[in-house]
Amino acid sequence: MFRTTGRFLLLLALPLLMTPAIAEDPSKSNKKQAVIKLATTTSTDNSGLLDYLLPSFKKQTGYEVHVIAVGTGKALRIGCDGDADVVLVHAPKAEKAFVEKACGEKRNAVMYNDFVVVGPDSDPAGLESATTVNDAMKNIVKTQSLFVSRGDDSGTHKKELSLWKAAGAEAAGKWYREAGQGMGKVLQMAGEMDAYTLTDRGTWLAYKAKSPLKIRFEGDRVLQNPYSIIAVSKEKYTDINYVGAMALINWIRAEQAQDLIAEFKIENTRLFTPSAHPARKNALRTSVKK
Amino acid sequence: MSNSSSAITDAFSLLVSGDAELWNIIGISFQVSTTAIALSIIPALVVAFLLAYIKFPGRRFLVSFFSTLLSVPAVVVGLTLYLVLSRHGLLGEWRLLFTQTAMVLGQMALSFPILVAMGHAALQSSDKRAWETARTLGAGVFKTIYIVLREVRFGLFAALLAAYGRILAEVGASMMLGGNILHHTRNIPTAIALETSKGDFAQGIALGMVLLMLAFTLNYLLHYFQGKEGLVE
């Protein structure tokens, strides 16, 4: 009987011996400052952009970036609480509030893409014929067509709410479904429900092949979607990895990374247009639409 | 959906190809969950033992309390610890949020009540005479505790398996506390949640099958070492 218990304890200890000790956790060791915690939105991570960019950054600077991909609202919250070193987000209004509250330093433009309205083949709200995004949103309300909202306080959700407001429409009723989930999940739901939804073009391109939906409205200037990178305030949190945050900010805004962003494509379509250097922006803008 | 069958075939090929990313995720899952269970089992057994063998005021309350904790959603455990570990939280100084240690703490908090409640139930079924006999025959307190625990070892095994199974499969607390960071805090359940949200069902199903297969292997081994083949003798 004693032997049974002994053997059992040995078995329990076995995985512990086989796996590297937990003390090797890099964010806990003395090399702590070699890790940068980046709170960002699902759109930059799910589209594959960060997986594509960050290995170069690591190779050149030695910093390891821990990506925490959540909605913009939560990313800003994590940054403001000092639980991340730097944030990469897309919600200009919320970003300004973030800086005003002294949670972060200044907003640095990185890139932009745009939002599109996707919907079912049948296009029950007739968005194909709408000329402005205002008309498009009004048509959805008028025809009571199903619309899936992110409902998660993300950048896309904030944008969507501002569009309803601008169109003077009330986003409520049986046709309006708040999912409370990430962009990918919402695209899947809208696909299953034959509903419309608002999505950033980057995520849409990454999901397009798996979705029965199609772009139903695009191209209005109002739908521009700028991304900023902001270092969390070093005055507020003195032990934050500010040096690392600045290294990432400078790197991602330098010419080389900006070129990498411009070259990042899915199915031959560019996902994001670099915008750190406005002078270069005009040259690049022509190629972003369709 | 037409691609659900291809998702399963993709899952199989992913498994046999020995995908490095996949094995990294599996490694993190087991490292975190095994550490959590190893750290919580001894104190949990002590609590279970006290609840079963010592009369003290508030004992009944504690028994109900630990049983109630079984119904707390993992996400709530995650959120509570998140607030504690966040920089502004009680233990914010430790800077543990979004690390494996935070995940271990979350899983300890999840497994502890299971171990206590089920361990207590197992000990309740033990015969108090075993304790008395051992003591009369001159066994020391620790030796006696060991004898009693051995007496109910099958119930304790069941508690261990239930607790390990729960934390190996839970997603809510790991997602909140670990942050699902690739190569660092991404374990099997959070990876499944991520792949599902990305629409990569094949990868999600593959990971789900890995989890099942590993859980089965573990269960089989434990039952084997337990050495009774589940039969009443």
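How many of the eleven residues in helix 8 of chain A are buried? Eight of them, so to speak the covered majority of residues 183-193. Buried here means 20 or more other C-beta atoms within 10 Å of a residue's own, against 12 or fewer for exposed and partly exposed in between, with C-beta atoms placed from the backbone. Helices are DSSP runs of H or I with at least four residues, strands are E runs of at least two, and both are numbered from the N terminus.

A word on the model: it is predicted, with local features needing pLDDT of at least 70 and side-chain atom pairs counting only at pLDDT 80 or more, while totals for chains, interfaces and linings use all residues. Residues are numbered from 1 along each chain as its sequence is written, and chains are lettered from A and ligands numbered from 1 in the order in which they are written.

The predictor's scores for the complex are an ipTM of 0.74 and a pTM of 0.80. Confidence per residue is pLDDT, on a scale from 0 to 100. Chain B averages 88, with 95% of its residues at 70 or more.

| Element of chain B | Residues | Mean pLDDT |
|---|---|---|
| Helix 1 (lowest) | 4-16 | 73 |
| Helix 5 (highest) | 100-124 | 96 |

Where pLDDT is low, the predicted coordinates should not be read in detail.

Back to chain A, which has twelve helices and twelve strands. Of its 290 residues, 45% are buried. Helix 8 of chain A has A:Met183, A:Leu187 and A:Gly191 among its buried residues, and A:Asp194, with a positive phi near 55°, follows that helix.

Zooming in, contact means C-beta atoms, placed from the backbone, within 7 Å. Setting aside residues up to four places away in sequence, A:Val87 touches A:Ala75, A:Gly104 and A:Ile230, among others. A:Ala75 sits in helix 4 (residues 72-80) of chain A and counts as buried because it has 29 C-beta neighbours inside 10 Å. Its C-alpha atom is 9.8 Å from that of A:Thr42, 33 residues apart along the chain.

Key: pLDDT = per-residue confidence, 0-100. Contact = placed C-beta atoms within 7 Å.
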